Amino acid sequence: PFIKSKQSTIIADAINKGILPVATPCQYMLTIENNGNSKVSLSQGRLVEDGTGRQWRLMSSATLNGHETKKVLVEQSTVNYIEVNIPVSESFYRLDVSTTDGAYLSSLSVYNATLGMNFQYTPKFMNAGLGQAAYTLQSHNLEDITIVFGDSERAGVTVQAGDTYEIAITQSYGYVDQSSLSSAALSEIYESGESKLNLYFKAGDLVRAGADPLSVAQMRLLASYPSMYDHNAVFMGNFDFLVRKHFMQRFDYMAIWNETINEKHYGASLEAINHLFLTVVAKNKIEQKALVEDIKKLVANADSLLDGKVNVKEVKERPYKITIAGRLASVHDMDSVKTQIKELLLENFGKGSLSSSYHSPDGFNKQEIAIKIRSDIAAFQDRISDFSVLTEDTAKNPIKPHEWAYITEDSITIDMTRTADTGTAIWTL
């Protein structure tokens with residue numbers, strides 16, 4: 001529950017909680033026109049390049065007759081294959097892997113080619129049985145990735161000398177700005193008919209915008225969660241950490257709560273028994289439905305008893321009222337300081353900010369707001385000017401989980417006066 005401030009401490013906490021630098025690839029429905037007379041077939045996995053040189057993969061095969069147009073799902077990702085021969089039998093054998101061209105890791109698969117066995121990713125080997133084909137991932141700096149195999153006598157299976165492993169690394173550039181997408185082209189031409197194809201990204205055909213790995217600011221928020229929630233979403237029905245860890249880059253607001261909290265805010269009902277409740281606002285409205293489905297799958301993965309038992313509640317926007325009352329020394333321009341306060345509040349506590357992305361029944365922390373104003377606005381760093389923060393009373397009307405509270409320009413009231421020494425010729429400290 002404590003706020004961590006040093007970047008090194010935040011990164012260390014993220015590493016300890018198993019947070020990895022993983023990006024979500026962008027997906028788009030690519031339009032393909034065949035301007036030739038002959039039939040052209042494109043296989044699944046064919047690479048396409050956009051105008052900036054990013055490579056995309058066809059997620060399904062496509063066959064186009066002459067002068068036919070089709071839309072095919074593509075993903076901004078590439079797959080690198082690594083073959084490794086194990087030199088020595090060793091418990092918890094470690095294998096370092098990395099991405100190329102400055103891309104982020106999106107997914108990874110491990111296959112024992114000698115035994116014909118697929119290995120399953122198991123965070124921190126939790127619930128991994130003896131001899132189970134499992135591995136976990138670690139990162140020492142949130143950039144490099146290390147594959148850690150198990151120990152046949154404790155968890156997982158010990159790698160054997162001479163075995164060959166095939167590692168498939170899927171990498172991507174995370175978030176893709178739609179405005180940068182227009183025309184595209186096949187990376188390689190294998191037959192003359194393919195040169196007659198016209199490929200382009202049509203506006204409105206976005207499936208998923210993609211997301212970069214978590215920022216340090218977002219990891220600071222996750223660092224405030226107790227370690228007991230780490231990979232244990234079932235504990236007291238708290239799935240908030242789990243969902244944020246995987247999807248924080250894709251939503252502006254998210255609240256997920258159990259039946260106990262639901263009864264507190266909305267009253268008891270039979271429909272609430274053994275259910276979770278979800279309110280989420282996607283950064284990109286186009287992928288709102290896809291994001292909800294992804295969260296439902298994640299919850300079901302963590303607790304199979306909740307499969308199909310996540311009720312979605314529509315978000316209700318709630319502008320949060322705040323008043324800044326203070327006194328300014330005569331050396332400071334009143335209008336300029338008021339503008340600075342408004343801009344600071346909207347940037348840090350307004351719509352789309354990290355502070356407004358999670359549910360807080362009591363509203364924003366006044367101490368946090370005060371510290372932010374004093375540290376960022378020079379007018380309040382002297383020994384004369386002063387201010388206080390007043391917020392709306394949430395004791396009688398607490399903020400409900402489905403209510404997205406954030407500060408707007410109209411919900412800010414700034415009441416500033418001059419200090420008592422104004423107009424005198426007395427020296428002050």
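**Exercise 1. Describe how helices α1 and α2 pack, and name the residues through which they meet.**

Step 1. In this predicted model, helix α1 (residues 7-16) and helix α2 (residues 216-223) pack at an angle of about 65°, and their axes lie 9 Å apart. Helices here are DSSP runs (H or I) of at least four residues and strands are runs (E) of at least two, numbered from the N terminus; axes are lines fitted to C-alpha atoms, for helices over the stretch in contact, with angles running from 0 to 180 degrees between N-to-C directions.

Step 2. The crossing of α1 and α2 is left-handed, a term used if the near helix is turned anticlockwise from the far one by less than a right angle.

Step 3. From α1, the residues Q7, I10, D13 and A14 meet V216, M219, R220 and A223 of α2, where contact means heavy atoms within 4.5 Å.

**Exercise 2. Determine which elements build the largest nonpolar core.**

Step 1. A nonpolar core is a set of buried Ala, Val, Leu, Ile, Met, Phe, Trp, Tyr and Cys residues joined through side-chain atoms within 4.5 Å; buried means under 20% relative accessible area, exposed over 50%, and partly exposed in between (1.4 Å probe, protein chains only).

Step 2. The largest such core has 28 residues, and among those with the most contacts inside it are V243, F251 and V299.

Step 3. At least two residues of this core come from each of α1, α2, α3 (240-247), β16 (251-257), β17 (276-282) and α5 (288-302), with α5 giving the largest share, five residues.

Step 4. Leaving aside residues up to four places away in sequence, V299 touches F239, I256, L276, L306 and V310.

**Exercise 3. Explain why α3 counts as largely enclosed.**

Step 1. Seven of the eight residues of α3 are buried, so the helix is largely enclosed by the rest of the structure.

Step 2. These buried residues are D240, F241, L242, V243, R244, K245 and F247, and what covers them includes α2, β16 and α5.

Definitions and conventions:
Residues numbered from 1 in each chain as written. Predicted model: local features only at pLDDT ≥ 70, side-chain atom pairs only at ≥ 80, totals over all residues. Heavy atoms only, no water.
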